[in-house]
Amino acid sequence: MEIILSPSILSADFSCLADDVQRLEKCGIKQIHLDIMDGHFVDNITFGVGVIKSLRPHTKTVFDAHLMVTNPDSLTAGLADAGVDSVTVHKEACIHLYHTLEMIQKKGMHSGVVLNPATGFKSLRYVAEDGLLEKVLVMSVEPGFGGQAYLPASTEKIKELAEWRAENGYKFDIQVDGGINLNNLQTVIQAGANDVVIGSSMFKNRQLEKNVHDFYHILEV
Ligand code: DX5
Ligand code: ZN
């Protein structure tokens, strides 16, 4: 399976967002991870539909939105209109998960579910069976901020999720998010992740080109 590296613009310089995304795209990055936080589901507040819409004409990269908000349903139409390609919602935030994922797909976007470190995946069976689960995002830190340390138990969770997917013949992607760096990239891929979100380590020292190159080098080894 092809490995996708998804830089999170949470660690970008917001005063030159389009430049940062274009620099990443020139280095071969195909997908950008958009962390939307509302100050309720998590303490932090980032950006919303308006910023994404402004960024859209500046890049051809896939826009992957990670909603850390208490009411994802209220954003679905706006995200589709802003040119977002895929949306993941937190299982902990969605009372009517089935309905929320259906709404995302009806707007023409790919739908996925995010699991906090203490949340299990077995109940996702009910949305997976009906084709609503195209991605599972395993949080390897508590959501809300960049620059936190990878929680080691995440590796076992990714392995178990990959086994569960194989046993049931499901097709969803496995994305991992939080504390990924040059030292643990191989660990999460070997565990079964095929889509890796990288925030602070991708923007480290503002050396975007060097950092992308260093991560790709690890994939080639
Ligand atoms: C955290 C966000 C992440 C964040 C990752 O809540 O979901 O996408 O940007 O940043 P790092 O890679 O620094 O942990
Ligand atoms: Zn994220």
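Donors are N, O and S atoms within 2.8 Å of the metal. In this predicted model, the donor residues of the zinc ion (ligand 2) follow the sequence spacing H-x1-D-x30-H-x110-D.

**View 1. The zinc ion (ligand 2) and the residues that hold it.** Here's who does the coordinating: His33 through NE2, Asp35 through OD, His66 through ND1 and Asp177 through OD, at 2.1 to 2.3 Å from the zinc ion (ligand 2). Six donor atoms surround the ion, and their angles run from 69 to 169 degrees, so the arrangement comes out as octahedral. For reference, ideal angles for six octahedral donors are 90 or 180 degrees. Histidine 33 and aspartate 35 are both buried.

**View 2. Ligand 1 in its surroundings.** There are 20 residues around ligand 1, and the ones that come nearest are Asp35, Gly144, Gly147, Asp177 and Ser200. Two of the names here, Asp35 and Asp177, also turn up as coordinating residues of the zinc ion (ligand 2). Look for serine 8, where a polar side-chain atom sits 2.8 Å from an oxygen atom of ligand 1. Histidine 33 has a polar side-chain atom 3.5 Å from a ligand 1 oxygen. On its own, ligand 1 has 380 Å² of accessible area, and the protein covers 100% of that.

**View 3. Serine 6 and its neighbours.** Zoom in on strand β1 (residues 4-7) and you'll find serine 6. Serine 6 has a relative accessible area of 0%, so it counts as buried. Its side chain makes a polar contact of 2.8 Å with the side chain of glutamine 31. Setting aside residues up to four places away in sequence, serine 6 touches Gln31, His33, Gln175, Asp195, Val196, Val197 and Ile198. One of these, His33, also coordinates the zinc ion (ligand 2) through NE2.

**View 4. Threonine 155 in helix α6.** Threonine 155 belongs to helix α6, which covers residues 153-168. Tyrosine 150 is a polar partner, with the two side chains joined by a 2.8 Å contact. Leaving out neighbours within four places in sequence, threonine 155 is in contact with Tyr150, Thr187 and Ala191. Glycine 192 is 37 residues away along the chain, yet its C-alpha is separated from that of threonine 155 by 8.8 Å.

**View 5. Glycine 50 in helix α2.** Glycine 50 sits in helix α2 (residues 49-55). This glycine has a relative accessible area of 48%, so it's partly exposed. Alanine 82 is 32 residues away in sequence, but C-alpha to C-alpha the distance from glycine 50 is 7.6 Å.

**View 6. Asparagine 205 and arginine 206 in the loop between β8 and α8.** Asparagine 205 lies in the loop that links β8 (195-198) to α8 (208-220), and arginine 206 is placed in the loop between β8 and α8 too. Neither is a glycine, but check the phi angles: about 55 degrees, positive, for asparagine 205, and about 60 degrees, also positive, for arginine 206. Asparagine 205 has a relative accessible area of 60%, so it counts as exposed. Arginine 206, at 32%, is partly exposed.

Note on methods: Residues numbered from 1 in each chain as written. Chains lettered and ligands numbered in written order. Predicted model: local features only at pLDDT ≥ 70, side-chain atom pairs only at ≥ 80, totals over all residues. Heavy atoms only, no water. Helix = DSSP H or I, 4+ residues; strand = E, 2+ residues; numbered from the N terminus. Buried < 20%, exposed > 50% of the residue type's maximum accessible area, 1.4 Å probe, protein only. Polar contact = N/O pair within 3.5 Å; in protein donor to acceptor, adjacent residues only side chain to side chain. Contact = heavy atoms within 4.5 Å. Donors = N, O, S within 2.8 Å, 3.2 Å for Na, K, Ca; no water. Tetrahedral: all angles 85-135°; square planar, octahedral: opposite > 155°, others 65-115°. Near = heavy atom within 4 Å. Areas by Shrake-Rupley, 256 points an atom, 1.4 Å probe, with all protein chains shown as cover.
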